[in-house]
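The stops below follow one after another.

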Amino acid sequence: GQNLNFAVPVDWIAELPKRTLVSSTEVAELLLQAGFYNAKKNLPKVLEVTSKWLQIEPDSAYAQILNGDACLKLRLFDTAIGLYEKAAKASADGTLALAIGAKMALGEAYSQLHRYHSAIAPFKDYIQSMEKLTGNDMNQNQILFVAASYEKLAKCHEMLGQYDKAVKCQQRVAELIPSSPAPPLNIGRLMRFKGKQKIALAKFEEALKKAPGNAQVLYEIGMTHFKAKDYRKAALKFQLAKTSPLLAELALDSLGKCQMALKEYDGAMRTYQAAVKTNPNDYRFYGPLGKLQLRKKEYAKAVAALEKYTLANPADYKSWSSLGRALMKIKRYDKAEKTYERCTLLKGAAVNDWYYLGLLRARSKKYEEATEALKKAVSLKPSSSTIQFRLGKVYVAARDRKNAIKQIKLLKKLDRAKAVKLKKMAAKRGLLRR
């Protein structure tokens with residue numbers, strides 16, 4: 001029964017000999033094959049064998065659950081849900097345990113589809129059925145099963161933003177397993193979501209007493225301080241949490257953010273370099289690392305890091321902007337121009353992005369396109385004499401006499417020195433002659 005993943009408590013397996021498990025030698029053979037392929041994790045074969053079984057016995061709860069489990073693992077969610085719903089209604093002799101187990105499996109299937117509203121009812125049915133069946137005399141295995149169900153139910157409520165209901169579920173887990181640090185840890189997270197930082201910290205400390213040095217608890221304490229903008233305290237907790245292999249990447253990323261907020265840029269650089277070394281394929285680290293390298297004038301390294309980051313995060317206009325600046329610094333102007341073109345297509349592109357795009361287009365003698373970009377920059381910051389001067393230079397380079405004279409007059413109001421300089425350029429090109 002355990003090998004076949006019936007999702008029922010272990011002590012119920014002893015009752016299986018009392019039940020009519022198979023109706024024929026053919027079904028017995030299919031049952032054995034299902035167990036064999038399940039142990040080998042050959043899901044397509046499990047699906048094939050149990051489908052044959054269902055053709056012979058369409059109402060077999062055993063076959064429905066085995067077939068449903070295979071469908072779930074193969075991400076055939078709708079089929080799995082249909083099978084679990086049938087198995088949950090099983091009423092034949094000896095199928096009570098399977099019907100109850102099917103309710104848990106049904107909740108799991110809905111959860112994997114992120115259909116948390118739908119998952120709540122089967123999880124509740126499973127818990128109520130178990131508590132009704134066992135009363136106050138649950139053995140250790142049954143306690144663990146019910147506690148796990150409350151945790152899953154709490155997760156559903158949490159994902160739906162129903163934090164108070166999630167807290168009640170976690171409190172029930174704490175009653176069932178008083179020694180576990182998980183309930184106070186999860187209640188602490190929920191309290192943080194509700195903005196109750198002090199209660200959250202108290203709950204995390206409670207969890208830490210039950211599991212001294214637990215990296216997950218330390219990380220959550222760090223996150224609570226981070227949300228409160230107490231970056232120094234947060235950094236200390238992340239330093240401790242990063243020693244855990246399971247949390248190293250997450251803790252390093254959070255530590256780097258704290259160091260950036262504290263303007264400890266050298267420390268942040270070391271942190272993100274350690275993060276990249278921990279997992280070179282996690283591209284989220286390359287963005288902040290590239291920006292730090294750009295700040296430190298390590299332009300080639302910044303380009304390499306930011307190219308990786310923008311590949312994985314194509315909608316992050318700030319990183320495209322940083323990449324464009326780094327490319328300009330190493331004189332890769334053609335690529336910088338394309339980078340700023342990409343950047344300015346994104347929502348949030350700033351005045352400097354349009355400005356640098358205009359400069360690069362002017363450098364390529366694409367005067368009409370340069371004018372377009374610089375006009376956009378002017379519209380975002382019309383009081384900038386620098387942008388207005390650059391636009392005037394493009395008009396001069398394009399021999400656009402009318403607009404060049406307009407820019408000279410406009411600059412006289414913003415920056416007379418720049419107006420004089422632009423006038424000399426226009427005169428040199430013969431644009432001021434009548």
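Select Cys156 to begin: Cys156 is buried, with a relative accessible area of 1% (buried means under 20% relative accessible area, exposed over 50%, partly exposed in between, with a 1.4 Å probe and protein chains only). This is a predicted model, in which local features need pLDDT of at least 70 and side-chain atom pairs count only at pLDDT 80 or more, while totals for chains, interfaces and linings use all residues. Residues are numbered from 1 along each chain as its sequence is written, and side-chain values use heavy atoms, with hydrogens and water left out.

The structure holds zero disulfides (pairs of cysteine sulfur atoms within 2.5 Å). From Cys156, the nearest cysteine sulfur belongs to Cys169, 9.0 Å away. Select Cys343 next; Cys343 is buried too, at 0% relative accessible area.

Move on to helix α15, residues 286-295 (helices are DSSP runs of H or I, at least four residues, numbered from the N terminus). Eight of the 10 residues in α15 are buried, among them Tyr286, Pro288 and Leu292. After α15 comes Lys297, with a positive phi near 65°.

Finish in helix α16 with Thr310, which is buried at 3% relative accessible area. A polar atom of the Thr310 side chain lies 2.8 Å from the backbone oxygen of Leu306, and the side chain also reaches the backbone oxygen of Glu307 at 3.2 Å. Beyond its neighbours within four places in sequence, Thr310 is in contact (heavy atoms within 4.5 Å) with Ser319, Trp320 and Leu323.

Conventions. Helix = DSSP H or I, 4+ residues; strand = E, 2+ residues; numbered from the N terminus. Polar contact = N/O pair within 3.5 Å; in protein donor to acceptor, adjacent residues only side chain to side chain.
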